[in-house]
Amino acid sequence: MRATGMVWIIAAMVVLAPMWLALGIVLPLVRFEKLYFFTENPSLIEIVAALWRDGNGGLATVVGLLSVVFPVVKMVGLTAEAFMPPGPQARRGLMVFLVPILSKWSMMDVLLVAIVIFAAKTSGLAEAFTQPGLWFYAASSLLAGLLHHLLERRRSQ
């Protein structure tokens, strides 16, 4: 692939990945229907806030860190990497060190929501359906992983 094409692809990813992450955080992740009368459509932020409000501060902190803070820091790091000029300086820095570590946690939330949906469906207590927030969150994680791979490849050339 030519360098010009790669630059445009990286630029598009640098814009889309954080935008999709933001949508994944604020849009509903899952819809629960209980007894055909009651429905809940919580977003990731609402889930963290509800955990905190219900006295589960430790769990709210862990979910908030893994689901919101880590991905945001990773997006900042990927953006910084994308704007770094190629060369030996691009191999150093805190973000170059942090992004691979944070990337390992990227899909954990998607897995957790999938487990919750499975548990709700198999328990018979509620019907659960995926919502756009989950898909935006998952797409952001995948796009960020691909962006990291492309930046690594560009840095090694």
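**Close-up views of a predicted helical chain**

**View 1. The whole chain at a glance.** Of the 157 residues in the protein chain, 35% are buried (buried is under 20% relative accessible area, exposed over 50%, partly exposed in between, with a 1.4 Å probe and protein chains only). This is a predicted model, where local features need pLDDT of at least 70 and side-chain atom pairs count only at pLDDT 80 or more, while totals for chains, interfaces and linings use all residues. Residues are numbered from 1 along each chain as its sequence is written, and side-chain values use heavy atoms, with hydrogens and water left out. The protein chain has 6 helices and 3 strands (DSSP runs numbered from the N terminus: helices are H or I with at least four residues, strands are E with at least two). Read from the N terminus, the order is α-β-β-α-α-α-α-β-α. Among contacts with a separation of 6 or more, 67% link residues 24 or more positions apart (contact means heavy atoms within 4.5 Å).

View 2. Helix 3 spans residues 57-83. Its 27 residues reach 37 Å from first C-alpha to last, close to the 39 Å expected at 1.5 Å a residue (the expected span is 1.5 Å times one less than the number of residues). At Leu65, helix 3 bends by about 40 degrees (the angle between axes fitted to the seven residues ending there and the seven starting there).

View 3. His148 sits in helix 6, residues 132-156. His148 counts as buried because its relative accessibility is 14%. Skip its neighbours within four places in sequence, and His148 is in contact with Leu78, Glu81, Val99 and Pro100. Val99 also pairs up with Val76 for a distance check: they are 23 residues apart in sequence and 9.1 Å apart in space, C-alpha to C-alpha. Val76, a helix 3 residue, comes out at 47% relative accessibility, so it counts as partly exposed.

View 4. Met19, Leu23, Val26 and Ile45 make a nonpolar surface patch of about 330 Å² (patch residues have over 30% relative accessible area and no salt bridge; like charges are joined within 9 Å, and nonpolar side chains, meaning Val, Leu, Ile, Met, Phe, Trp and Tyr, within 5 Å; a salt bridge is a side-chain nitrogen of Lys or Arg within 4 Å of a carboxyl oxygen of Asp or Glu). Helix 1 (residues 3-26) gives the largest share, 3 residues. Ile45 belongs to helix 2, residues 44-53, and is partly exposed because its relative accessible area is 41%.

Conventions
Accessible areas come from the Shrake-Rupley method with a 1.4 Å probe; for residues, only the protein chains shown count as cover.
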